[in-house]
Amino acid sequence: MMAACGPCRRTCQVPFPPMPFDLHAFISYAHIDNEPLEPGQPGWVSRFHAVLKTRLSQRLGEPARLWRDEKLGGSDVFGDEIRAQLPRAALLVSILTPRYVRSEWCNAEVAGFAAAAGGQVETGNASRLVKVLKTPLAPDDKPPALFERTLGHPFYRSEGSRQQEIDPAFGDDARQEFLQRVSDLAVEMAEHLRTLQGSAPVADSGQVVFVAECGHDLQAVRAQLVTDLRLHGHTVLP
């Protein structure tokens, strides 16, 4: 943790107290969304998990502890292993897609996480539910109600009437944008995890800044602005 202490205004390294959770995050996803576009290539969720683990570890200064169910098959049964992991996680990272919102299993993971939290999934101005929008949803695709107050992190861009997913398999430009968006997400998650530890960064001149929502064409610009503000010690709302 970096903090300014006393009248000297110097920035010092202060150790974080232990986090009251065994896991930093539980990654919730539908297995069909991790099927690779080409044989022999890693799936989207596997890439996301690997990059998030690295970037979050770098932001926290310790190995990030992430968990996800990596089974490739089986029936939609809410298993004991999954049920046991949910209370251990500080954050639930849900990768929303058409399949996710229709899956009883995925909806059970969200409900199970909320139940383990005693229904209290918000801390201050942030939610312990992290909404990652991998694939645009159809009008009749309804995410779990707990996500209604969460803005989310889109991993697709709008090009006129067309919405293009940001998948590293689509080439270098998509890969770079994918890496940037996961990095931005890691910054936000690290800030929230520090808050849950009771040791949010202290800034000399930090301000509370409201950054309004915008259209899909400016989402990447907004995300970069929010990241820059947080890196400079400001609190960003909502």
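Trainee: Which side chain makes a polar contact with the side chain of histidine 49?

Mentor: This is a predicted model. Histidine 49 sits in helix 1, residues 44-60. Leaving out residues up to four places away in sequence, histidine 49 touches Ile27, Leu66 and Arg68. The side-chain polar contact, at 2.6 Å, is with arginine 68.

Trainee: Is histidine 49 buried or exposed?

Mentor: The cut-off for buried is under 20% relative accessible area. Histidine 49 has 11%, so it counts as buried.

Trainee: Which residue joins histidine 153 in a polar contact between side chains?

Mentor: Histidine 153 belongs to strand 9, residues 153-154. Its relative accessible area is 18%, and it is buried. Beyond its neighbours within four places in sequence, its contacts include Val130, Leu133, Leu185 and Glu188. The polar contact spans 3.2 Å, and the partner is glutamate 188.

Trainee: What is the strand order of the open sheet?

Mentor: Take the pairings around strand 5. Strand 3 and strand 5 run parallel, joined by five bridges. Strand 5 also pairs with strand 8 in the parallel sense, over five bridges. The open sheet has five strands with parallel pairing, in the order 4-3-5-8-9.

Trainee: Which strands stand at the edges?

Mentor: An edge strand here has a single partner strand, so one side is left without a neighbour in the sheet. That describes strand 4 (66-67) and strand 9.

Trainee: Which residue of strand 8 stands opposite valine 93?

Mentor: Look at the bridge partners on both flanks. Leucine 23 stands opposite alanine 89 in strand 5. Serine 28 has serine 94 of strand 5 as its bridge partner. On the strand 8 side, valine 93 faces valine 130.

Trainee: How many residues of strand 5 are buried?

Mentor: Helix 5 (residues 172-196) lies across strand 3, strand 5, strand 8 and strand 9. Helix 4 has buried residues that pack against elements including strand 5. Strand 5 is mostly covered, and its buried count is eight of eight.

Trainee: Why does the span of helix 4 agree with what it should be?

Mentor: Helix 4 covers residues 104-116, which is 13 residues. At 1.5 Å a residue, it should span 18 Å. The end C-alpha atoms agree, because they lie apart by 18 Å.

Trainee: Which residue caps the N-terminal end of helix 4?

Mentor: Look for a side-chain oxygen by the backbone nitrogen of tryptophan 105. One lies 3.3 Å away, and it belongs to serine 103.

Trainee: Which residue just after helix 4 takes a positive phi?

Mentor: Start inside the helix. Its buried residues include Trp105, Phe113 and Ala114. They pack against strand 3, helix 2, strand 5, helix 3 and strand 8. Just past the helix, the phi is about 65°, at glycine 118.

Notes: Residues are numbered from 1 along each chain as its sequence is written. This is a predicted model: local features need pLDDT of at least 70, side-chain atom pairs count only at pLDDT 80 or more; totals for chains, interfaces and linings use all residues. Side-chain values use heavy atoms; hydrogens and water are left out. Helices (H or I, at least four residues) and strands (E, at least two) are DSSP runs, numbered from the N terminus. The expected span of a helix is 1.5 Å times one less than its number of residues. Buried means under 20% relative accessible area, exposed over 50%, partly exposed in between (1.4 Å probe, protein chains only). Contact means heavy atoms within 4.5 Å. A polar contact is a pair of N or O atoms within 3.5 Å; within protein, one must be able to donate a hydrogen and the other to accept it, and residues adjacent in sequence count only if both atoms are side-chain atoms. Two strands pair if DSSP finds at least two bridges between them. Axes are lines fitted to C-alpha atoms, for helices over the stretch in contact, and angles run from 0 to 180 degrees between N-to-C directions.
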